[in-house]
Amino acid sequence: MSQGNYDVVIVGGGVAGSSIARELSRYKLRIALFEKEVEVAFGVSKSNSGIIHPGTQNPPNSLKGKLCVLGNKLTRKISKELGVDFKEVGSLIVAFERDEIAKLKRIKKEAEVLGVPKLKIVDRAWIKANEPSLSDKVIAALYAPTTGIISPYRLVYDLSENAKRNGVEFYTESEVLNIKRISSGGFEIATKKGLFNSRYVVNAAGLHADDISKMVGVDDFKITPRKGEEFLLDKKRRYLTNHVIFPLPTKTSKGVLVIKTADGNPMIGPTAEDIDDKEDLSTSDKGLSTVLHSVQRIVPSIDGNDIIAYFAGLRPASGHDFIIRHEKKVSGFVNVAGIQSPGLTAAPAIALMVSDILKKNGLSLKKKILFHKHRKTEVHLFDIPLSKTRSLIKKDAGYGDVVCRCEMVSAKEIKDAISRGAKTLDGIKFRTRAQAGRCHGGFCTSRIMKILSEETGQPLTEITKRGHGSNIVEKDRSND
Amino acid sequence: MIERDLVIVGGGPAGMTAAVSAHKNGAKDILILERDQRLGGILNQCIHTGFGLNYFKEILTGPEYADRFIKKVADIPEIEVSLMSFVVDLTKDKTLTYLKPGVMEVVKAKTLIMATGCREKTREMVHIAGTRPAGVFPAGLAQKLINIEGLLPGKEAVIVGSGDIGLIMARRFTLEGAKVKCVIEIQKQSRGLIRNIVQCLDDFDIPIYYCHKISKIYGKDRVEKVGVIKVDENFIELPGTEFEIECDTVLISVGLIPENELIEMAGVAMDRKTNAPISHEVNKTSIPGLFVCGNAFKVYDLADSVSRDSEKAGVLAAEYLKGLK
């Protein structure tokens, strides 16, 4: 029996799915989003580098390029509406040799065709004055002032929360098992949480977009996971660079970067390696040495001892461009696949494009009278001056109860994250940064477990790192 | 802003000994800021014995050892203790800002003793490759979960590193009914105390692999196994020596580092390698009147040695105060 009837079902709660959900929530539609993990943003999006690209390093006429340039503009508006921590920091693509300047010029020209604004080739003197961290051997760089940084997971949380407020129904731990086209029109969607019906299906399933597409008989693309290993540095090095620093791009990626992050910790990486296993998130000794070697050539002061964390992410690559299209032979089914870099930047533009595709294919888009475009934002103590902290503590004593010492996160922030939907230790970490600092949760994990248990009623033994099977402890013997 | 003669940050064995010693030597206006809900620091979770042999000539558990000092501190009215007080800012002129539930306070200290202890090196600091599932714990966190919270972290553990916390935890896990498969130590010998090797490993027939390292952690949601490989004297992996051990828990005990982010913020000259202040005399730093003692000054093997040297910090602070008058 069907558990629900929807106009649109979105498969996948990453940045693409959440952006689409939020965009469609402006209209009078019944919308559901299915995510297989325990929380949204737990797939590809959680390992994103958090760069809002200007639109450079994309082939001319590519969908990627166009959506990236538009997405860069739209992200500013959306982050203002939702209170996401977007910062425009600018980026530099660096050149070491004379002949590499020609390559910079070509990148500049291609980007300008796509409409990337304010690009400038800067010389050694400019670099020395504005980015003194760079090696003396860097002779020129392509400066893109519109590059920004954002927290990729907080963006997804904020988008999905806002979409939820505007009526979208979110189903987590709800892997889609099968999709059937019904002869009378629409689809029947079998999930781990039961059967649902929908007139339209948008497939934004990231690494599994090919598997989902196959369910309705469209199998002309394959998603190849392209692994990227990234290494986070201590927040003490937050002023390591002033810009996001790129080498010249390679054939498969933008190269190994020095990244500024919204959390303050610089990040170095990613590697790029095509693999077979869609669940292989392991890091390697080789990845570390590759990354260190590459970035130290550009920013010599980077020290391996500053690394406090590392992780691997998988880019859902399929060919060289995004695949965003309505499938003619399966009317009502829209694929949003191959959303690798610059997917985070392009996401709001992708959402507009999908909304347009749905409209062209018969979905009536009537605006709601009341669309809540703003979101009540939360506080991060690490991000505000102490004078503001003082008045916050006066209002709520919980802000003065510091739980995570390395990243300065209070009990109040952790409780807020839980009330906003965090169900796991990783969910709390991504929202607040608690456990993400130099001690890696050594001091605060047990306290956070207790808060999570008190707030949600889950016994301590059922608290997980990131959902099913990742329980932190085996047994509670406190009552033995 | 409040003013105090002596502020001590940290209420573990170092901070408490320093407070008592400073008082004995003439300091009469002392404030201890402790971020936890009680004094004692990490001793509270060290329920094993072995403390006090040198300092008290008695065998005590960690909490008993701490309790001796907690009582001494409580008996001195001139020592004020502020619990759940987390210092977020420290400046060169010894002005501290701390948060506590409901208040943010700024206090200017005439002299300052930092007794902030140390933290464990993490898996990330020694760059163990592989996945990042649940079940990888710093050994001290596992100790806290078992001894303070009454929670058993896993059923089958492999311990990385033979520091004292790792060895103590091998015994603790075994006593709690879990299986410790082995200890993996990259060096030729243990960095722990001999008594701990005997009493925590040998007595329980727990094997230790010297000159071995974990090459990889496996497992998607929870740890499933670890890859182990032999290394030569330069810690280079020896191909062909790999083997795997199934386990659901990995305890990391690869050393401790002084926790000194606050003095670094204040501009104290730091040794980047050890994360300790650059110093030519015990407890002294590059800022006059700003002293560091206990494991924040250097990592000690015994709490008794921490107390012995922290007494000196109390003397230094008291003398510094006298010099101001």
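K475 of chain A stands opposite L152 of chain B, in β11(B). That belongs to a strand pairing: β23 (residues 475-476) of chain A and β11(B) run antiparallel over two bridges. Pairing here needs at least two DSSP bridges between the strands. Strands are DSSP E runs of at least two residues, helices H or I runs of at least four, both numbered from the N terminus.

Quick caveats. The model is predicted, with local features needing pLDDT of at least 70, side-chain atom pairs counting only at pLDDT 80 or more, and totals for chains, interfaces and linings using all residues. Residues are numbered from 1 along each chain as its sequence is written, and chains are lettered from A and ligands numbered from 1 in the order in which they are written.

Now the whole interface. Chain B puts in 38 residues, chain A 42. Contact means C-beta atoms, placed from the backbone, within 7 Å. On the chain B side, elements giving two or more residues include β6 (86-90), β8 (103-114) and β11 (151-152). α3(B) gives the most, four residues. By class, that side has 16 nonpolar, nine polar and 13 charged residues. Nonpolar is Ala, Val, Leu, Ile, Met, Phe, Trp, Tyr, Cys and Pro; charged is Asp, Glu, Lys and Arg; the others, Gly among them, are polar.

Last, inside chain A. The axes of α2 (residues 63-82) and α8 (residues 343-360) of chain A come within 6 Å and cross at roughly 100°. So α2(A) is roughly perpendicular to α8(A), a label for 65 to 115 degrees. Axes are lines fitted to C-alpha atoms over the stretch in contact, with angles from 0 to 180 degrees between N-to-C directions. Residues making this contact include L67(A) and I350(A).

Definitions and conventions: Two residues are in contact if their C-beta atoms, placed from the backbone, lie within 7 Å. Angles under 35 degrees count as roughly parallel, over 145 as roughly antiparallel, 65 to 115 as roughly perpendicular and the rest as oblique.
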